[in-house]
Amino acid sequence: MMNSQKSFINDNEKGELYLVPTPIGNLEDITFRALNILKEVDAIAAEDTRQTRKLCNHFQIETPVFSYHEHNKEVSGTRILDMMMDGKRVALVSDAGMPTISDPGSELVKQVLSLNAKVIPLPGANAALTALIASGISPQPFYFFGFLDRHKKEKKKQLEQLKSMRDTLIFYESPHRLKDTLNLMYEYFGNRMICLSRELTKKFEEFIRGTLEEVIKWSEENEIRGEFCIIIEGNTNEEIDDPDNIWWNTLGLAEHVEHYIENGLKAKDAIKQVAVDREMAKRDVYQAYHINEK
């Protein structure tokens, strides 16, 4: 159902959910408006209450804080929805940066909107864009992916689906999975330009820029610490636009599907990808593949 929200006109008895970005490192990056909202709302729903209380104590914010995260989202979500029905104002914050990006906040936004209550976003700190603009890699167009799957098989599927994209790609990665991810990126993407960033806005902020080969070598020779943001250039191979040079041009439909299955995709996902590659209807690929199978 269509909904028109006028954020700052008092035309609704329901509550308001504020999406409040918090600093990704340097506390001075919080905005005046964010501080005012955190002081004025009835409660703060936080991904990690310990982290948020440190922030509140630093800025002398006395608003009650309670947890809302992946493991208690049903119970805490119900609590927030009840507050919306009572006309309360709640601020949602993540550990750092924009809420809803890598936390269950997006689900809460949908639930609040279903009540016809207001969802009001604030601008502020974001690790992905901060890393992107300093990467030295074209900032637009870009595609934000976030965290790749932890399991190698699923991660390979994701990289297979991303390898032909021309957009600059943005990922988040943990320190203990970085080496594996870089090596898989080299396997699927080739030797592209890449920028790693860590400890953004903090004292030990660091950028590692170079080719994938060079950055893989760096990862093998240095201690890997901190959460990373990965910026990697899109596919610049001009041949992918030339019909005579498309890699699957000599393959039949069934062989094309089998190629993706051999690289880890399930049959239905392989069929979907072939349909995208060939700009065909998925049902036509499905029928051709299964008829051939028989």
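Helices (DSSP runs of H or I, at least four residues) and strands (DSSP runs of E, at least two residues) are numbered from the N terminus. By this numbering, Asn12 is found in the segment before β1 (16-19). The model is a predicted one, in which local features need pLDDT of at least 70 and side-chain atom pairs count only at pLDDT 80 or more, while totals for chains, interfaces and linings use all residues. Residues are numbered from 1 along each chain as its sequence is written, and side-chain values use heavy atoms, with hydrogens and water left out.

## The chain as a whole

The protein chain holds 11 helices and 10 strands. Its C-alpha atoms fill a box of roughly 65 × 50 × 30 Å, taken along the principal axes. The chain has an accessible surface of about 16,700 Å², and carbon and sulfur atoms account for 48% of that surface. Such areas come from the Shrake-Rupley method with a 1.4 Å probe, and for residues only the protein chains shown count as cover.

A residue is called buried under 20% relative accessible area, exposed over 50%, and partly exposed in between (1.4 Å probe, protein chains only). Of the 294 residues in the protein chain, 43% count as buried. Contact means heavy atoms within 4.5 Å. Among contacts between residues at least 6 apart in sequence, 68% join residues at least 24 apart.

## The segment before β1

Asn12 counts as partly exposed because its relative accessibility is 22%. Not counting residues up to four places away in sequence, Asn12 touches Asn116, Ala117 and Lys118. The side chain of Asn12 reaches the backbone oxygen of Asn116 at 2.5 Å, and it reaches the backbone nitrogen of Lys14 at 2.8 Å. Asp48 stands 36 residues from Asn12 along the chain, and the C-alpha atoms of the two are separated by 30 Å.

## Helices α3 and α4

Helix α3 (residues 73-85) packs with helix α4 (residues 105-114) at an angle of about 35°, and their axes are 10 Å apart. Here axes are lines fitted to C-alpha atoms, for helices over the stretch in contact, and angles run from 0 to 180 degrees between N-to-C directions. The crossing of α3 past α4 is right-handed, a term used if the near helix is turned clockwise from the far one by less than a right angle, and left-handed if anticlockwise.

From α3, Lys73, Gly77, Ile80, Leu81 and Met84 take part; they meet Glu107, Leu108, Gln111 and Val112 of α4. By class, this contact of α3 with α4 has five nonpolar, two polar and two charged residues. In this scheme Ala, Val, Leu, Ile, Met, Phe, Trp, Tyr, Cys and Pro count as nonpolar, Asp, Glu, Lys and Arg as charged, and the others, Gly among them, as polar.

In helix α6 (residues 152-162), the buried residues are Lys155, Lys157, Gln158, Leu159, Glu160 and Leu162. Their cover includes β6 (142-147), β7, α7 and α9 (253-262).

Arg177 is found in the loop between β7 (168-173) and α7 (178-189). With a relative accessibility of 13%, Arg177 counts as buried. Beyond its neighbours within four places in sequence, Arg177 is in contact with Arg150 and Lys155. Its side chain also makes a polar contact with the side chain of Glu173 (3.3 Å). A polar contact is a pair of N or O atoms within 3.5 Å; within protein, one must be able to donate a hydrogen and the other to accept it, and residues adjacent in sequence count only if both atoms are side-chain atoms.

Asn126 lies in the loop between β5 (118-121) and α5 (127-133). Asn126 is buried, since its relative accessible area is 13%. A polar atom of the Asn126 side chain lies 3.2 Å from the backbone nitrogen of Ala128. Leaving aside neighbours within four places in sequence, Asn126 is in contact with Ile24, Met98 and Tyr172.

## Backbone geometry in loops

Most residues other than glycine have a negative phi, and most peptide bonds are trans.

Thr201 counts as partly exposed at 21% relative accessibility, whereas Glu279 is exposed, with a relative accessible area of 75%. A cis peptide bond joins Gln140 and Pro141, with omega about -5°. Pro141 has its place in the loop between α5 and β6.
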